[in-house]
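Student: I would like to go through this structure by asking and answering. Please show it to me.

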Amino acid sequence: MTKSGASGPKARARKAQQATGVRYTQVRRAAPSSRRGRTVQFLLEDQLVFGTLAVQLALAWARQGMWVLLVHEYKPYQSDMALFSRQARERKAAEQRQQEWPGHRSTLVWSADTGRKAGGLLVEQHTPWSTPPANPRLLTRTDDPLRDALQQGRRHFDTVVLMGRPTWPHRELVDHFIVLAASNGAPTAETLTHGALPEERQERPLTAEQSAVLLRERHLNFLYHRPSTFLGMITASGAQPAPEPQPGFVRAVEANMAAAGIPLLGHIHVGDHRLAAHVQRRNQTALVAASPLDPGAEHAAQAIADRW
């Protein structure tokens, strides 16, 4: 018998509520917590400019009917300099704060207004990724809390997106990796410079094979330390892709990328979702959820789902 005589389904719904931050009645009406979700990590080098792309794709999945969970790292005391204070009272207070276990902090970002029918859902969760160290001054931690959060997320969501640390693939925790490349689609030319200042610039056209090689070399170099298998690559920029130099150029680039094991899954126009343009806003996820999605994000989200 569960607490206060609650039935089994009711208790499970309450657990789902704690995991998602969603109202009990909404979870109770929705599908049971028997989902077999997948974990996804987006890898990118330029997080300042393209930091909201992962949220755009997650929102696109939610609008397609999926339950999506964004898992952020919760680390409020990472820079607590009071740990090194000369005052014993301040040090003890900081150590106590470091040892506190904050638990999950979940926010319902977007949900489909479908009444009693199961619809899409986007939830943002901040949770500790490691245990507090036995000695607060040492960095000896384990990732058990993150593993537990991902495991519980898979039970209640179709897709769990691991947010943060986009340059480090968590191969032991993630099912699929997707590279977000700051490129104006498939490059059609490369600008070369030589000579003394002012430099002489020459623009050299690229073949489809050279374009694909340039995409891989330019946008995978930051992952040299953790070679991984990728589900694909999505290009993004503030402009629309350049026109094809000749018919079939983009298809040839896509074929070359697919043969190399990292297919192109679409292009997203960044527009007003750029993080740098909204650096003063505190809740970037809410900003994206309240803005219209770029059609490229919806297309790329569907292309990813088709490969699952």
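Student: What is the average pLDDT of the chain?
Tutor: This is a predicted model, in which local features need pLDDT of at least 70, side-chain atom pairs count only at pLDDT 80 or more, and totals for chains, interfaces and linings use all residues. Residues are numbered from 1 along each chain as its sequence is written, and side-chain values use heavy atoms, with hydrogens and water left out. pLDDT is the predictor's confidence in each residue, from 0 to 100. In this chain 71% of the residues score at least 70, and the average is 78.

Student: Over residues 273-281, how many contacts beyond four places in sequence does the model have?
Tutor: Contact means heavy atoms within 4.5 Å. Over residues 1-5 pLDDT stays under 50, and the model has three contacts beyond four places in sequence for them. Over residues 273-281 pLDDT also stays under 50, and the number of such contacts is 16.

Student: In what order do the eight strands of the open sheet stand?
Tutor: Helices (H or I, at least four residues) and strands (E, at least two) are DSSP runs, numbered from the N terminus. Two strands pair if DSSP finds at least two bridges between them. The pairing in this open sheet is mixed, and the order is β3-β4-β2-β5-β1-β6-β9-β10.

Student: Which strands stand at the edges, and why is one side of each left without a neighbour in the sheet?
Tutor: An edge strand here has a single partner strand, so one of its sides has no neighbour in the sheet. This holds for β3 (105-111) and β10 (264-269).

Student: By how many degrees are neighbouring strands of this sheet turned against each other on average?
Tutor: Axes are lines fitted to C-alpha atoms, for helices over the stretch in contact, and angles run from 0 to 180 degrees between N-to-C directions. For this average, direction is ignored. The value is 25°.

Student: Which residue of β5 is the bridge partner of Val71?
Tutor: β2 and β5 pair in the parallel sense over four bridges. β1 also runs parallel to β5, joined by four bridges, and there Thr39 has Val160 of β5 as its partner. For Val71, the partner in β5 is Leu162.

Student: Which residues of β5 point the other way from Thr159 and Val161?
Tutor: In a regular strand the side chains alternate between the two faces of the sheet. Thr159 and Val161 point one way from β5, and all four residues named here are buried (under 20% relative accessible area; exposed is over 50%, partly exposed in between, with a 1.4 Å probe and protein chains only). Pointing the other way are Val160 and Leu162.

Student: How many residues of β9 are buried?
Tutor: On one side of β9 are Gly232, Ile234 and Ala236, and on the other Met233, Thr235 and Ser237, so that both faces are covered. β9 is therefore largely enclosed by the rest of the structure. The count of buried residues is six of the six.

Student: Which residue in β10 is the bridge partner of Ala236?
Tutor: β9 runs parallel to β6, with five bridges between them, and Ala182 stands opposite Ala236 in β9. β9 also pairs with β10 in the parallel sense over four bridges. In β10, the partner of Ala236 is Ile268.

Student: At about what angle does helix α10 run to β10?
Tutor: Helix α10 (residues 295-307) lies across β1, β6 (176-182), β9 (232-237) and β10. Its angle to β10 is about 160°.

Student: Are α7 and α8 roughly parallel or oblique to each other?
Tutor: Two packed helices are described by the angle between their axes and the distance between the axes. The axes of α7 (residues 208-220) and α8 (residues 249-259) come within 8 Å and cross at roughly 50°. Angles under 35 degrees count as roughly parallel, over 145 as roughly antiparallel, 65 to 115 as roughly perpendicular and the rest as oblique. The two helices are therefore oblique.

Student: Is His170 buried or exposed?
Tutor: His170 is in the loop between β5 and β6. His170 touches Gln41, Trp129, Leu162, Arg165 and Phe177, not counting residues up to four places away in sequence. The relative accessibility of His170 is 7%, so His170 counts as buried.
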